[in-house]
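Here are my notes for a first look at this one. Have the model open beside you and go through the points in order.

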Amino acid sequence: MGGLNRIGPVSSEEFDAESAKTLSKDGGRRGGLLDVFGAVLTLLSAAFILFTFPLTAWMCAKVVQEYERAVIFRLGRVVKGRAKGPGLFWIIPWLDVIQKVDLRTVSFDVQPQEVLTADGVPLKVDAVVFYRVVDPCVWVTRVQNGYQATQTLAQTTLRAALGAHTLTDVLTQRRRITQRMEEALLAASRRWGVQVERVELKDLTLPISLQRCMASEAEAARKARAKMILAEGEVNASRALKEAASGLSPIAFQLRYLQSLSSLDSSTSIVVFSLPTELLDVFFSHQLISAGR
């Protein structure tokens, strides 16, 4: 406290700096004493376990499954090294606290979210996220409730990802959007010892009025496409008939005419007027002269 005993006014910044130095010195001294006390207590506990080994073996032996890891806190601090497991390991029962972590892939459903797309269309979207813990020590020490934190992060990421795209992009580029969500979740949750493996959009719900408008638009587009296909077919058929008629000689044309008459059904009430082909030739020649003029 020597720095605070000078004569004259002391600014708040100087006071805070001096106080921080004093606290760090006091904390370092206390931390050093506690570390020594903890080391002595650990040695005495280990010696007691060795002397009474047959009796304390069942208390010190712990087992974790293949898909689990055990994070050990000794006197409130994480034991150095990797998490224990799988299999058998030893602890000091009255000094250690064990917290087990499951390393298997976990999936959870993101609750339906009301999202407004970039073009102002309201959507209700739900998704599913798959993740697994890769660093048990970080997972235990850096986040209080990892499952809830990951779920909240997935909800906010889903809103941000879909809000930056239009409705057409959401409907046609779902895989690219989910990949961007995976990258965003992985970058944010890596500090917690989590690896996001997959994100999938389950369902997209549009308003009823918008669904009707989209259905009407799709139906109109299908009708227009059908009319264009029918018109193209008629044009092609007329061109084929014109080419076939231009290649027929007068005799072949007469035979085709007689064959068409013979193919008529006699049971139907059809009246046929037969005309000489010479009249047709005069009619066609007259049309050609008129067109040339």
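1. Salt bridges come to nine in this predicted model, counting a side-chain nitrogen of Lys or Arg within 4 Å of a carboxyl oxygen of Asp or Glu. A word on the ground rules: local features need pLDDT of at least 70 and side-chain atom pairs 80 or more, while totals for chains, interfaces and linings use all residues. Numbering starts from 1 along each chain as its sequence is written, and side-chain values use heavy atoms, leaving out hydrogens and water.

2. Have a look at Glu-114 and Lys-124, whose closest N and O atoms are 3.6 Å apart in a salt bridge. Glu-114 sits in strand β6 (residues 106-116) and Lys-124 in strand β7 (residues 122-133), so this pair ties together parts 10 residues apart in sequence. (Helices, H or I with at least four residues, and strands, E with at least two, are DSSP runs numbered from the N terminus.) Glu-114 is partly exposed at 47% relative accessibility, and Lys-124 is partly exposed at 37%; buried means under 20% relative accessible area, exposed over 50%, and partly exposed in between, with a 1.4 Å probe and protein chains only.

3. Next, find Arg-175. Its side chain meets Glu-200 in a salt bridge at 3.3 Å, N to O. Arg-175 belongs to helix α6 (residues 174-189) and Glu-200 to strand β8 (residues 194-205), so the bridge ties together parts 25 residues apart in sequence. Arg-175 also bridges to Glu-182, with the closest N and O atoms 3.9 Å apart. Is Glu-182 buried or exposed? Glu-182 is buried, at 15% relative accessible area, whereas Glu-200 is partly exposed at 25%.

4. Now the rings. There are five aromatic pairs, where rings of Phe, Tyr and Trp (its six-membered ring) pair if their centres lie within 6.5 Å; planes under 30 degrees apart are stacked, over 60 edge-to-face, and the rest tilted. Phe-48 and Trp-94 make an edge-to-face pair, 5.8 Å centre to centre with 70° between the planes. That pair links distant parts of the chain: Phe-48 is in helix α1 (residues 12-51), and Trp-94 is in the loop between β4 (87-90) and β5 (96-102), 46 residues apart.

5. One more thing to find is the cluster of Phe-108, Tyr-131, Trp-139 and Tyr-147, which are linked by ring pairs.
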